[in-house]
Amino acid sequence: MKNEDKLYRIDRALEAMSGVESDCTLCPRRCRVDRRKEATGVCQTGVQARVSHALLHFGEEPVLSGHADLSRSDQASGRPSRGSGTIFLSGCNLKCLFCQNYQLSWLNEGSPASDPGLAGMMLDLQEQGALNINLVSPTHAVLPILRALRIAYARGLSIPLVYNSNGYDSPAVIGRLDGIIDIYLPDIKYRSPDISKKYSGAADYFENAGPAVREMSLQQPVLELDGEGAARKGLIIRHLVIPGCVEDSLSVLRWIKTNLSPFIGLSLMSQYHPCYKAPGEIRRPLTEDEYRKVTGLALELGFENLFIQPEPFLPGDHLVPDFAKKEPFPWK
Ligand code: SF4
């Protein structure tokens with residue numbers, strides 16, 4: 001889609017959501033706080049976005065971060081064009097007890113970013129050769145993101161835009177993003193209201209995530225790759241398998257298979273690590289057996305584009321980011 005079309009759609013989306021910050025209902029929490037005056041909603045965010053890091057990320061799914069072949073062709077051309085241009089937004093509207101990004105989601109570490117500042121980060125990442133702009137935890141910052149995109153598209157942003165959310169999105173807000181987002185990358189974390197209440201304080205998680213992700217699937221039903229294997233558009237759902245919650249994971253997979261386009265991507269993550277406030281029963285790693293049960297059903301159901309991590313990570317094997325560092329990830 002051409003930049004003029006995107007700019008038109010951004011203007012319509014901003015128009016439709018104007019005023020929502022004064023009585024915030026942007027996400028299913030519906031805090032109804034006036035974000036122009038205070039940052040007291042669950043996301044702890046006012047009208048400006050806050051950003052922790054903007055960097056080239058090499059640890060996302062290969063279709064987002066790049067892969068060996070892409071790397072070789074880039075080296076041949078001399079362009080450092082691997083990596084997902086990732087912008088880590090501070091604050092979170094969900095706040096899972098076990099969050100490995102708790103420094104951002106719970107502790108809200110980061111700095112305010114003006115709209116032109118955020119646009120500049122996007123353009124700078126494109127300049128560095130990023131394959132895409134990957135907005136992590138965009139849900140509560142969707143308005144400053146749209147305002148920044150107006151600036152960035154007018155100044156030549158042209159790489160795909162990735163909406164990388166926890167899935168706890170308002171289906172109506174996702175509807176407003178039609179034609180703006182190229183790649184949706186939401187989690188579906190839980191189906192059970194009891195589990196989502198226990199670990200994320202949101203009994204209505206799936207009640208909202210289900211319709212929101214279905215809307216994403218209607219907008220972007222096919223995961224499309226370019227000639228070098230990088231995602232150009234589509235939907236990739238992430239599901240992190242949580243220890244002791246295998247039945248819920250299986251239920252998530254069955255729902256996806258029955259309700260969404262067969263041409264989406266599904267990424268099953270084994271990298272669970274008990275962080276921050278993870279309670280006793282999940283203060284342990286995932287077992288191989290638990291992960292295999294989930295991947296086994298995914299293979300049986302025949303998902304077209306399936307991303308599987310090799311094995312559950314072992315204790316001590318973990319690559320939990322440290323956002324207090326300039327380079328939060330150990331790989332480059
Ligand atoms: S975006 Fe933030 S303030 Fe608004 S409803 Fe969601 S959590 Fe509450």
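Guide: A residue is called buried if its relative accessible area is under 20%, exposed if it is over 50%, and partly exposed in between. The model here is predicted, and the values we discuss are computed from it.

Visitor: Take Gln44, then: is it buried, partly exposed or exposed?

Guide: Gln44 has a relative accessible area of 25% and therefore counts as partly exposed. The residue is found in the loop between α1 and β1.

Visitor: Where is Arg32 found?

Guide: In the loop between α1 (3-16) and β1 (49-57). Arg32 is partly exposed, because its relative accessible area is 47%.

Visitor: How do I apply the cut-offs to residues in helix α1, such as Ala13 and Glu4?

Guide: Compare each value with the limits. Ala13 is found in helix α1 and is buried, because its relative accessible area is 2%. Glu4 lies in that helix too, but Glu4 counts as exposed, because its relative accessibility is 54%.

Visitor: How far apart in space are Ala13 and Arg176?

Guide: Separation along the chain and separation in space have to be read as two numbers. Ala13 and Arg176 are 163 residues apart in sequence, with 5.4 Å between their C-alpha atoms. For Glu4 and Gln100, 96 residues apart along the chain, the C-alpha atoms are separated by 38 Å.

Visitor: Which residues of helix α8 are buried?

Guide: The general idea is the helical repeat: an α-helix has 3.6 residues a turn, so residues three or four places apart point the same way. In α8 (residues 193-200), the buried residues are Ile195, Ser196, Tyr199 and Ser200. They lie on the same side of α8, because they cover an arc of only 95 degrees around the axis. Asp194 and Lys197, on the other side of α8, are exposed.

Visitor: Which residues lie nearest the centre of the largest cavity?

Guide: Of the 14 lining residues, they are Cys24, Cys27, Cys31, Arg35 and Cys43. Seven residues of that lining are nonpolar, five polar and two charged. Now turn to the ligand itself: of the 13 residues around the ligand, those that come nearest are again Cys24, Cys27, Cys31, Arg35 and Cys43. That shell divides into seven nonpolar, three polar and three charged residues.

Visitor: And how much space lies in the largest pocket?

Guide: About 1100 Å³. Elements that give two or more residues to its lining are β2 (84-89), α4 (102-105), β8 (231-240), β9 (265-269) and β10 (305-308). The lining has 47 residues, and Glu60, Gln100, Arg238, Met269 and Gln271 lie nearest the centre of the pocket.

Visitor: What is the make-up of that lining by class?

Guide: The lining of the largest pocket has 24 nonpolar, 17 polar and six charged residues.

Notes: Residues numbered from 1 in each chain as written. Predicted model: local features only at pLDDT ≥ 70, side-chain atom pairs only at ≥ 80, totals over all residues. Heavy atoms only, no water. Near = heavy atom within 4 Å. Nonpolar A, V, L, I, M, F, W, Y, C, P; charged D, E, K, R; others polar. 1 Å grid on protein atoms, 1.4 Å probe; cavity = no way out; pocket = protein on both sides within 12 Å on 5 of 7 lines; lining within 4 Å. Points joined across faces, edges and corners; volume = space filled by probe spheres on them. Helix = DSSP H or I, 4+ residues; strand = E, 2+ residues; numbered from the N terminus. Buried < 20%, exposed > 50% of the residue type's maximum accessible area, 1.4 Å probe, protein only. Arc of directions from axis to C-beta.
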